[in-house]
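Please keep the coordinates open while reading.

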Amino acid sequence: MPIEIKELHIRINVEEGSKQNPPSKASKSKGEDPVAECVEQVMKIIERKKER
């Protein structure tokens with residue numbers, strides 16, 4: 001049975017006073033960023049639906 005996502009809520013807390021260096025993409029190995037992996041899979045599914 002396929003899963004259908006009807007709504008997606010993303011909540012981010014931003015603190016203006018903190019200055020952190022963004023993580024470099026070169027230091028990340030595959031599988032460490034589950035959000036990016038999920039987004040990639042969702043985009044592939046959307047592209048397949050458009051082809052039909």
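Lys-50 and Glu-47 form a salt bridge, their closest N and O atoms lying 4.0 Å apart; the term denotes a side-chain nitrogen of Lys or Arg within 4 Å of a carboxyl oxygen of Asp or Glu. The two residues are 3 residues apart in helix H1, which separates them by about one helical turn. Helices (H or I, at least four residues) and strands (E, at least two) are DSSP runs, numbered from the N terminus. Lys-50 is exposed at 62% relative accessibility, whereas Glu-47 is partly exposed at 40%. Here buried means under 20% relative accessible area, exposed over 50%, and partly exposed in between (1.4 Å probe, protein chains only).

The model is predicted, so that local features need pLDDT of at least 70 and side-chain atom pairs count only at pLDDT 80 or more, while totals for chains, interfaces and linings use all residues. Residues are numbered from 1 along each chain as its sequence is written, and side-chain values use heavy atoms, with hydrogens and water left out.

The salt bridge count comes to 2. Glu-40 pairs with Lys-44, with 3.6 Å between the closest N and O atoms. Glu-40 and Lys-44 are 4 residues apart in helix H1 (residues 34-51), again about one helical turn. Both are partly exposed: Glu-40 has a relative accessible area of 46%, and Lys-44 one of 49%.

The protein as a whole has 1 helix and 0 strands. Of its 52 residues, 0% count as buried. Its accessible surface comes to about 6,200 Å², 53% of which belongs to carbon and sulfur atoms; such areas come from the Shrake-Rupley method with a 1.4 Å probe, and for residues only the protein chains shown count as cover.

A nonpolar surface patch has about 1,200 Å² of accessible area together, and its members include Ile-3, Leu-8, Val-35 and Met-43. Patches consist of residues with over 30% relative accessible area and no salt bridge, like charges being joined within 9 Å and nonpolar side chains (Val, Leu, Ile, Met, Phe, Trp, Tyr) within 5 Å. Val-35 lies in helix H1 and is exposed at 59% relative accessibility.
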